[in-house]
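Hi,

Here is the structure I promised to pass on. Have a look first, and then read my notes below.

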Amino acid sequence: MVMTTNTHTNTNPSTSTNPSANPITNASASTAPRPRRVDFAKAARPVFRALIGFDAAAREGLDPALVELIQIRASHLNHCAYCLHMHTNDARKAGESEDRLHMVPVWREARHFFTPREQAALALTEAVTLVADRGVPDDVYAEAAAHFDDTELARVLALVLTINTWNRIALATGKVAGTDER
């Protein structure tokens, strides 16, 4: 994965000038060019390479479909459009169905689309991603431990940590969805 500087400018004429009209979309909306963001891959090359290695080690031995589901769910929770676009495309290329991709954000209401093992991984992904909200509940951890051996569970946890890191890098550096620059 290669991340480069975002130079996107919002020129949407329909953007309201009234900040109270829609505080969510107008919080970062502006007709002025966004300030240049750091190219993390170039500016922190050793850190970037280490993260790529960590990511690769986390994936080792895990089902590629499960890897993508974890990355998609964390990217949903972190509102990372760049990573969400990338990982849904990767999942499609790996043969993931559109039905399952559409159900990831609401997997609890659509459990029949996911195996018990996938459900346990999704629940753990949510708990670790949202750790500040309530920690990682014992029941969520126990359910994941029931479906994964220690090595797999450690790799699932590492994968959740890496996608959360990638999400934060993409958000902090202003990555734009649809510009997959790996």
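A word on naming before anything else: helices (H or I, at least four residues) and strands (E, at least two) are DSSP runs, numbered from the N terminus. With that in hand, you can find His79 in the loop between helix H4 (64-77) and helix H5 (81-93).

Two housekeeping sentences. This is a predicted model, where local features need pLDDT of at least 70 and side-chain atom pairs count only at pLDDT 80 or more, while totals for chains, interfaces and linings use all residues. Residues are numbered from 1 along each chain as its sequence is written, and side-chain values use heavy atoms, with hydrogens and water left out.

What is the phi of His79? It is near 60°, a positive value in a residue other than glycine. For context, most residues other than glycine have a negative phi. His79 also counts as exposed, at 67% relative accessibility; here exposed means over 50% relative accessible area, buried under 20%, and partly exposed in between (1.4 Å probe, protein chains only).

Next, the aromatic rings. Rings of Phe, Tyr and Trp (its six-membered ring) pair if their centres lie within 6.5 Å, and planes under 30 degrees apart count as stacked, over 60 as edge-to-face and the rest as tilted. By this rule the count comes to two aromatic pairs. One is Phe40 with Phe48, edge-to-face at 6.4 Å centre to centre and 65° between the planes. Both of these residues are buried. In the pair of Phe48 and Trp166, the ring centres are 5.5 Å apart and the planes are at 75°, so this pair is edge-to-face. It links distant parts of the chain, with Phe48 in helix H3 and Trp166 in helix H10 (residues 150-172), 118 residues apart.

Is Asp55 buried or exposed? At 8% relative accessibility, Asp55 counts as buried. Its side chain makes a polar contact (a pair of N or O atoms within 3.5 Å; within protein, one must be able to donate a hydrogen and the other to accept it, and residues adjacent in sequence count only if both atoms are side-chain atoms) with the side chain of Thr162, at 3.2 Å. A polar contact of 3.2 Å also joins the side chains of Asp55 and Trp166.

Cheers
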